[in-house]
Amino acid sequence: MIDTQSKNSIIQIFRVYKKYGGKHALTDVTLDIPKNDSLLISGPSGAGKTTLLKLLYLAEKVSAGQVLVDGMNLARISRKRIPFLRRKLGIIFQDYKLIPTKTVFDNVAIVLEAMGTKRRLIQKKVKSVLRTVGMEERINSFPPILSGGEQQRVAVARAVVGDPIIILADEPTGSLDSDSANIIIELLKKFHTRGTTLVIATHDKELLNKIGGRIVHLKQGCLQPSA
Amino acid sequence: MILHYKRAIQDILDHKFLNAVTIITIAISILIVSAFALFFVNASDIISSWQKGVRIMAYLRPNIPHADIGALKLKIQDFYGVQNVKFISKEEGLQMLKDQMKRQPSLFVDLKENPLPDAFAIRMIPTSKNREKIEGLTTRLEALPEINDVEYGHRWLARFTNIFNLFKLTGFALGGLFSVAAVFIVANTIRLVLYTRREELEIMRLVGAADSFIKAPFYIEGIIQGALGGTIGLAVLFVTFLIVSSNVQQSFALDFFTVRFLSIKVYGTIIFCSTCVGWLGCYLSLKQFLKS
């Protein structure tokens with residue numbers, strides 16, 4: 001059972017298994033992530049990092065075990081409650097996942113629109129967050145004409161605009177040059193210092209060193225003991 | 001809500017061709033269904049105006065004493081549904097016939113004796129002017145020994161009513177069929193739009209959009225398609241009606257009734273139904289899509 005005494009934990013993962021067909025993607029993973037923590041999940045490609053993050057935002061369901069996010073038991077959460085879980089999370093995808101037919105503004109605003117925020121406040125917040133990530137100038141641009149680094153900055157803006165309590169980032173610097181990667185690292189650090197919990201899956205050693213925080217290693221779906 | 005409307009209108013503009021096809025299909029379906037409705041409304045008017053003029057003629061056997069005719073008249077007057085009974089002697093009958101056939105006086109020149117029988121002209125009370133009651137009275141009259149023959153002048157009206165009812169049934173069946181077809185066409189259009197926007201909708205879900213937030217613009221889109229299709233269909237029918245009705249009125253000199261368009265109530269019902277068709281099509285495709 002999950003340790004209910006861990007009142008400071010924002011994410012609790014207890015004896016989680018994930019299988020795709022007959023193949024184990026995660027085996028007996030147990031993790032406890034306190035509030036305001038910065039957790040880096042490292043490991044080679046195919047180790048199960050992305051799968052672990054997907055379990056946290058319910059893009060996938062666990063095969064066995066339990067996951068608690070901010071007190072919500074994801075095994076028991078109803079379909080209707082999933083959007084409320086996701087609004088607590090800011091998700092950054094390796095492939096950015098921006099909507100190509102919408103402008104930078106609309107891509108970021110969609111989070112607030114989905115939350116039912118008033119239009120005036122949406123304008124104000126989106127502009128403010130785009131200023132923070134240095135994309136205010138490109139507010140009316142469409143994602144396909146932006147560079148990879150710029151797209152990822154928009155993705156970061158979208159992830160943080162709803163004031164999430166946790167940021168989940170899947171290889172946030174994976175396809176970026178070092179300058180763009182540094183900008184993203186600095187942004188993530190900035191949001192972490194504001195009190196947001198960071199969970200980052202990466203195999204980028206530079207990111208691991210620069211961002212700081214607790215590091216856990218995944219290998220073939222199993223958590224490796226710390227060195 | 002304004003946001004949902006904006007997104008719905010943007011979607012329609014982004015997929016102009018698909019939406020135009022759907023709206024036109026709904027319009028054609030509505031046009032066919034309402035053309036049937038228009039026919040029924042006017043055919044019903046014709047039938048009821050004919051029924052209002054229904055008169056039963058009861059012809060007497062020859063040589064009925066005049067003294068018995070008064071009693072017989074009172075007897076018939078007491079039958080249920082009878083408003084008034086008028087005795088028409090054979091002489092009066094012949095005079096009426098001559099008046100009606102003024103242009104062919106030669107027909108009566110060689111007439112040696114009056115071939116017409118005495119008769120009663122019976123009018124019914126308005127609430128009894130339906131086929132069943134008229135036929136019931138006819139049967140009772142035929143059973144009277146003094147009556148030789150009963151002519152229900154609009155007997156063919158019964159046959160017409162039967163054909164009309166058959167048409168009505170066909171109309172309902174066709175209307176139902178077209179509505180179902182329209183629902184599936186709307187469902188397919190929305191499904192195609194959903195598939196082209198699959199990735200976008202998935203992203204919206206991942207950033208916390210609830211199903212209702214995703215669905216709302218599509219429902220609005222379906223409702224707009226239905227309402228627009230219905231309005232266009234009725235507008236086309238109205239223009240066609242204006243052109244055709246004046247010709248019909250002139251050609252057939254229909255002075256006993258006026259050809260009329262659908263009432264506001266029927267008009268509203270049709271628009272409401274076409275809006276429901278749009279909504280239902282949307283509901284079906286969204287239900288299936290969001291499940292996947």
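Author: From the N terminus on, the elements of chain B run α-α-β-α-β-α-α-β-α-β-α-α-α-α. In total, that gives chain B 10 helices and 4 strands. Please keep in mind that this is a predicted model. Chain B has 292 residues, and 42% of them count as buried. Among the contacts in chain B with a separation of 6 or more, 82% are between residues 24 or more positions apart.

Let's zoom in on one element of that chain. Helix 3 of chain B covers residues 66-77, which is 12 residues. From its first C-alpha to its last, helix 3 of chain B reaches 17 Å, close to the 16 Å expected at 1.5 Å a residue. Three of its residues, B:I69, B:L72 and B:I76, are buried. Looking down the axis of helix 3 of chain B, you will find the buried residues within an arc of 65°, so they line one face of the helix.

Now to the place where the chains meet. The contact draws 18 residues from chain A and 15 residues from chain B. About 1500 Å² is buried between chain A and chain B, and carbon and sulfur atoms give 63% of that area. On the chain A side, the residues that lose the most area to chain B are A:R79, A:R86 and A:E113, together 30% of what that side buries.

One to pick out on your screen joins the side chains of A:K102 and B:E200, at 3.8 Å from N to O. In chain A, helix 2 (82-87) and helix 3 (104-115) each supply at least two residues of the side that touches chain B. Helix 3 of chain A gives the largest share of that side, with 4 residues.

Finally, here are a few residues in chain A for you to click on. A:S42 sits in strand 3 (residues 38-42) of chain A. Because its relative accessibility is 4%, A:S42 counts as buried. Leaving aside residues up to four places away in sequence, A:S42 touches A:K49, A:T202, A:L208, A:I215, A:V216, A:H217 and A:L218.

A:L58 lies in the loop between helix 1 (49-56) and strand 4 (64-69) of chain A. The phi of A:L58 is near 60°, a positive value in a residue other than glycine. With 9% relative accessibility, A:L58 counts as buried. A:Q220 is in the loop between strand 9 (214-219) and strand 10 (222-224) of chain A. Although not a glycine, A:Q220 has a positive phi of about 50°. A:Q220 counts as exposed, at 66% relative accessibility.

How values were computed. Residues are numbered from 1 along each chain as its sequence is written. Chains are lettered from A and ligands numbered from 1 in the order in which they are written. This is a predicted model: local features need pLDDT of at least 70, side-chain atom pairs count only at pLDDT 80 or more; totals for chains, interfaces and linings use all residues. Side-chain values use heavy atoms; hydrogens and water are left out. The expected span of a helix is 1.5 Å times one less than its number of residues. Buried means under 20% relative accessible area, exposed over 50%, partly exposed in between (1.4 Å probe, protein chains only). The arc is that of the directions from the helix axis to the C-beta atoms. Contact means heavy atoms within 4.5 Å. Buried area is the accessible area (1.4 Å probe) that two parts lose on being put together, summed over both. A salt bridge is a side-chain nitrogen of Lys or Arg within 4 Å of a carboxyl oxygen of Asp or Glu.
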